[in-house]
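Hello,

Here is the structure we discussed, followed by notes on its two ligand sites.

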Amino acid sequence: MAARDAQPKAIHLKDYRVPDFLIEHTHLDVVLNDEWTRVTSTLKLRRNPESERQDTSLVLDGAELRLVSVAIDGKPLSESDYRVDAESLTIADVPPAFELQVVTDIQPQKNTSLDGLYRSRGLYCTQCEAEGFRKITYYLDRPDVMSEFVTRIEANKDTHPVLLSNGNLIDGGDLAGDRHFAVWQDPHKKPCYLFAMVAGQLSHIEDKFVTTSGREVTLKIFVEPKDLDKCDHAMDSLKRAMRWDEEVYGREYDLDIFMIVAVDDFNMGAMENKGLNIFNTSCILAKPETTTDAGFQRVEAVVAHEYFHNWSGNRVTCRDWFQLSLKEGFTVFRDAEFSSDMGSRTVKRVEDVSMLRTAQFAEDGGPMAHPIRPDAYIEISNFYTLTIYEKGAEVVRMIANLLGPELFRKGSDLYFERHDGQAVTTDDFVAAMADASGRDLTQFKHWYSQAGTPVLTVTDQYDADAQEYTLEIAQYCPPTPECKHKKPFHIPVAVGLLGSAGNLPLQLKGETPNTETPDNTHTVLELTEAKQRFTFTGVKEKPVPALLRGFSAPVKLRYPYTRDDLMRLMSADDDGFVRWDASQQLATLVIGDAIKAYQGGEDLGQWPLDEQLAVACEQLLGDSSLDPAMVALMLALPSEGYLAEQAEVVDVHAIHAARNAVRRALGKRLAQPLRAIYSAYDHSKPYEANAEAIAQRTLKNLALGYLMIDPDAAQLDACEQQLRDSNNMTDTLAALTALVNCRAHDAEDRKRDALEAFYQQWQDEPLVVNDWFRVQSVSPLPGGLERVHALLKHPAYDPKNPNKIRSVVAAFTNGNPVNFHQKDGAGYTFLADEVLRLNKQNPQIAARLLTPLTKWRRYLPEQQALMKAALERILAEPELSKDVYEVVSKSLA
Ligand code: B3K
Ligand code: ZN
């Protein structure tokens, strides 16, 4: 904890030095007991020949450990031979190579930070990334120190019958007094952040996978016995991911066993520990009755993500934590491509871009903005961000698009081969891509070192006589905390030109015509300067430019589209992303009018619907050639979060009122076709989680949402019927949500009864209860904060469980803007109280919860003042964790 007079210090990338010592072998002996757990670590250490400092003391990282003894080469050290403080163990005189034995005691049962070794519902498990291993024993806790591990675990046999660690089981057996032990050996050298161990009462399902080269791999998923019926989807996803990585990247699995363990208390989604992934139950368990379509897709994506880390992260790891995006950005790109191949590519792209533009752009424009390879941090846990992950993936995607599939594969092969078994940097990654392709990526690397979202301003000119069309593109990136004046980025801008009868063939002036594909209608312009012109020849009519197809770069695009232009793009461009984006831009313009009207004091009760938007939506509903999932995405209005991100100054209440008014008017206007979609859907068909079935359900439930805005009794009955008869959680939750949020004044009893019945039915399924909490926490109806306070007192709420905190507190503060920003600031007070409550208990979760307050400068002056005051109250707290201190102090700076 950081006291006021000792503020935590930043760690800088420029200070990186190779480790002074290397650890060749690590033997851990962990004896689990109810009161104290004893960890005996035996390390084979030697000085690193590459270090410039051959006479330094050995400094091992440690936190919250009770040191019992230290010995070198079998000789116990006396207390004067070493120094211990809150963060380290220092031994001054050590030989060039030696064996160090350190015995420490820890109390996992008291570890509420869920970092290091802790207990979740009686189950011992670990989370070591980024710096949790130092809470287990003293160690060189940095990713560039890689060691072989042998782990012996000892525990009570009846309470902890299953004992797991990384690698292969090499020994085990019974001991006196109902105790037993197991010994695991991991043949692959790894940094300690990939260490894992588990002990508990677990059941498992088992399967096998034969790799292309013929290695038979045993696959096991361990869960609490009651959840054994919810593992099949994860197992299928794992096998699909293993096959995909062989086919697409030529990467095989490298051990004889791959294990996954699901735990209820987990700070994030999952962790890629070598051969022993540990997962949040929310990212493993799935069955139709309890899991939504989105839940199924999340399980598939996270299982794949963690599996893919075996190469992008484990075999080739990070040199230091500034390189985090090396493994995370690349692995998110890999899992996104996998999901695209398993389902609908355009839908996946739209979902990802939507999230990026709403949340990552906000991060990149706020006080916590950082490059995907940051220069400095106070607490690395704060840097598991949308920027590192999602923007990092966009940067890898740009490389993949610039190189094309074959050269990109050549680049990834070279990267994996060149660096197998090493801890490397993002520069190494880019170098492999450049070397394999022959492309100069020097300027491209600014994406790694500069934060902020570039803005592209596009103007155009059509010369009818010369049949030439010119696009002028200017780039500008606003200043961010680490850098005021940015160097120009290398930005791929994918474009098409839409004419009256479809996309036009493209010929750039000065480039040799492509005779092989003369009617090529797609090209990628490479912007490398602050301003550049691109002229197309042979353009027979003034086109509408389809810009940034597929969202070819993580930038904001400014082009003065008319509503007619947008309608044309929406209905006719070849690129699915552009069509969706045009629908969002059109809706944003229409909602923008309503926002102005609201701010001018107009009553939006009878707000007339914009005719062009109405016609565009009618056309969408009548277009049977479109994927129903795309229709649903295009008919769903931009979220309040996205609209806030678009605004100069965020007026939460105006955005909410305006979006609602447009939504209500649209629902009325489209009632007939929406009803037709709803009634054409066969609710009795068996549940399937494939892309087509998901698409149909999404559209049908979107229709239900619109029809339930102002429902009559018959509509309420239909909704209740869906709730009662549904054979899957997607439909159940869609109906519950629509009912809970509808504004029919006589529906209060129905709402209460439905919520109560739902809880009664699902109270033994924690993940479903989380959904039940979330539906209520995000409901925009008035009185949200009171509802949330009541939910916190509900017997099913657990103030220590991150999933529960996320479903109530974070769901409310992130997903319910109109209630969180209630005008008296009570929402901010509530959030500050929660952050302070969690500050010591679970600093990582506390810091993460702060996100909505960090954006205080974006709001109206009255709200700014209240949000700022909440942050100041937190900063005044005498014992802030590094995590919370960093976020609050940077937000106020
Ligand atoms: N690598 C982990 C994240 C660890 C977060 C530590 N605070 C999960 C993942 O990205 O796959
Ligand atoms: Zn990851």
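Strand E20 (270-271), helix H2 and helix H3 each supply at least two residues of the shell around ligand 1 (helices, H or I of at least four residues, and strands, E of at least two, are DSSP runs numbered from the N terminus). This is a predicted model, in which local features need pLDDT of at least 70 and side-chain atom pairs pLDDT 80 or more, while totals for chains, interfaces and linings use all residues. Residues are numbered from 1 along each chain, chains are lettered from A and ligands numbered from 1 as written, and side-chain values use heavy atoms, without hydrogens and water.

Ligand 1 is surrounded by 14 residues (a heavy atom within 4 Å). Domain 1 (11-308) and domain 2 (323-449) both contribute to this shell, so ligand 1 lies between them; the bounds come from an automatic or database domain assignment.

The zinc ion (ligand 2) has His305 (NE2), His309 (NE2) and Glu328 (OE) as protein donors, 1.9 to 2.1 Å away (donors are N, O and S atoms within 2.8 Å of the metal, or 3.2 Å for Na, K and Ca; water is not among the atoms, so sites may look incomplete). Their spacing along the chain is H-x3-H-x18-E. His305 is in H2 (residues 293-308) and Glu328 in H3 (residues 324-342), so the pair ties together parts 23 residues apart in sequence.

Regards
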